[in-house]
Amino acid sequence: MVSRPQLLARIQEAADASLVLLTAPPGYGKTTLLSEWAAADERSFAWVDLGRAESDGAALLTAIVEALAEIEPAAAEPLALLKEPMPHLSAVVPRLAAGLAAASASPVLVLDDVDLLDSAESMEVIESVRDCLPEGAQMALAGRSSPRLPLGRLRAHRRLFQLGIDDLAMTPDDAAELFAHLGLTVHKAELEALISKTEGWPVALYLAGLSLVDRADAEEAVASFAGDDRVVAEYLRDEFISHFPEEQLEFLMKIAVLDRFCGELCDAMLERSGSDRILAELSDSNRLIMPLDRKGEWFRLHGLLATALTRELGRRDPGAEAALHLRASTWFAEHDDHDRAIEHAIAGGDVVSAGGLIWGLIPEYTARGRNSTMLGWLGRFTEEQTCAVPLLALAAFHSALIAGRGADAERFLRAAAHADGGSLSRPEKGPNAAAVMTARAEIGREGLTRMLDDARLAKGLEPEHSPWQALCLMLEGIALSLSGDFEPAKAALEEGSRKAAVSAPMVQVICLAQLAVLALGEDDRITAEILASQARAQVGRSNLGEYPAAALPIAASALVLAPRDTSRARTDAARAARLLARCVEMPPWFETESCLLLARAFLRLADSAEANPQLGRARKLIRGPGDSPLVRQWLGAAEAEAARLAEVGADEPGLTGAELRVLGYLPTHLSLREIAEEFVVSQNTVKTQAQAIYRKLGVSSRAEAVAAGRAAGLLDESAQRS
């Protein structure tokens, strides 16, 4: 969209175009724009009111010559020929051309409402007159649809300047000026909302302004404004709906529930054939039916017209809309447009079909940063509807869990098990037993042994290529690793990572993070850093960084990076802490492990103040996965380190990033001078930092600092010894 002044400037700059064409439905200001052009241009404008013109060539040519004669007497000569009983075009046009050539100035000939001319003879007249215009003259045509002229030839020779709906739509500045004339001051957010709803349609914005004049609450008025607004509905009925032939009107009312449509879809919805023909006719008429592609296969209705048509359908046939939505849902599902299939299933009131469609997208959407879309769909059902349909309840479980709402997730899981014909304690016999057991393993409320059994049973029930296989393997690997059974854990996690690479990025991220933690426990820092880096990169690629469930892999990244890369480690630790704070009653294994990984990362960064709250949270949760020797080991080591840091540095802040960097070089053979050269700083700077390290660690020598750093987890055992 461009502003009206810019649009006017574009027309004036197109002086080389012999034909200017303005094509748009009523209410787009075509005539107004032509008038503004006439007022700004030095040339004379001859206007032909086609509302009074006949479609036959002689009547049209007479109207054109009369209009030109009013501004240029030399063009009046052919009038005598036109008064003869059978005037010939071949005789009149040369006389007109001669008169215009002798004129003192080149005119602009305007034919408004050109869509009223439907005969081949009238098109021949227009083309002949345009061809006879002298250099510098122009013909301007305005109408609801394009005339049947050889526009392609003109366009190829750059002799055509054309404006359509997109060009004539109002900008926010245009709309603000319009509202100012109505005495309205509309805030930016409300203005943008109206532009969006009206798609910049000038007359709709004007009618919206009239509605706002009488409303005390402008914000509420803007929010409720639509095609069923009384003033807008009356205009649409008078200018559009009443002019459609009955066949077209019935067709449009039924497809108005669609945001986009093609002939095949319309045939399926209306249980008929020949929709392609009607769509082509409607598109040619330019009655707010807009093509979406260059091939003319897909179209859409202007939003306000669609609303008005849907309202008219509801008035005529109250039960039709739901059935149309369900047919549309079936068609979109068969053509793999699952988003629209779900939207129409919900609009049609088919909760079961909607639940099945939503469930089919859960692995991809929750794992690819699209959980907000999932939550939006689920939010359109009542609690009773969600809990009564097993697949819908299971979808709500996974969506809530990845959003960090563990309590809500468990409530939906219990409802799913009950709706499936069983209970959470005995889900084995229901038709969705594998899905319920997978979800029960994710919660892991009954400990690691049950978690492992559930994951393996569910994996056995799922088909080999099911997207849920990867999640089952991830849960199996986590249960094994937290139980201390590391080798089979790594095998399950590696297979889960491979299976999840395409279908479930979040599952892959957690598998990689768990493998990184296991590698770190084996003092294999290189492998740990590679795995953590892969997990971190996948979080970014798949837009998972704002999911509370991403707290675990990001905390693992912080632990692996500290203290080698203190800046990134601190960034990841802060981010994980923020995400973990948004988790409410998450699965015990997830919350406990995330807290301990984060606490260990903060301790490696010598930040007791941030580590202690995570340790406190882990202590409260430890009863959940109480059969985990690895978790108990992590907690014991972290508590010992926290106590040691508190004892040796009670009055000292933790090591700074620069000090941690120097500490990393103390196990090497490099002297302080050589370390300073590595950092490109002075030797005195490194000496001061080394002394601060000794003081904060409560030691008096380089060797003691290295030993204390290893004991504190700030240095790896594998680091080169001095």
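Mentor: Before we start, "buried" means under 20% relative accessible area. Keep in mind that this is a predicted model.

Trainee: How far apart are the end C-alpha atoms of helix 6?
Mentor: Start with what to expect: 13 residues at 1.5 Å a residue should span 18 Å. The model agrees with that, as the end C-alpha atoms of helix 6 are apart by 19 Å.

Trainee: Now helix 21: within what arc do its buried residues fall?
Mentor: That helix runs over residues 371–378, and its buried residues are Asn371, Met374, Trp377 and Leu378. Looking down the axis, you'd see them line one face of the helix, because they fall within an arc of 115°. The background is that an α-helix has 3.6 residues a turn, so residues three or four places apart point the same way. For helix 21, then, the arc is 115°.

Trainee: And which helices do those buried residues pack against?
Mentor: Contact here means heavy atoms within 4.5 Å. By that test, the buried residues of helix 21 pack against helix 19, helix 20, helix 22 and helix 23.

Trainee: Zooming out, what radius of gyration does the chain have?
Mentor: The C-alpha trace spans about 115 × 70 × 50 Å along its principal axes. A compact globule of 722 residues would come out near 27 Å, but the chain has a radius of gyration of 37 Å.

Methods
Residues numbered from 1 in each chain as written. Predicted model: local features only at pLDDT ≥ 70, side-chain atom pairs only at ≥ 80, totals over all residues. Heavy atoms only, no water. Helix = DSSP H or I, 4+ residues; strand = E, 2+ residues; numbered from the N terminus. Expected span 1.5 Å × (residues − 1). Buried < 20%, exposed > 50% of the residue type's maximum accessible area, 1.4 Å probe, protein only. Arc of directions from axis to C-beta. Rg over C-alpha atoms; globule rule 2.2 N^0.38 Å.
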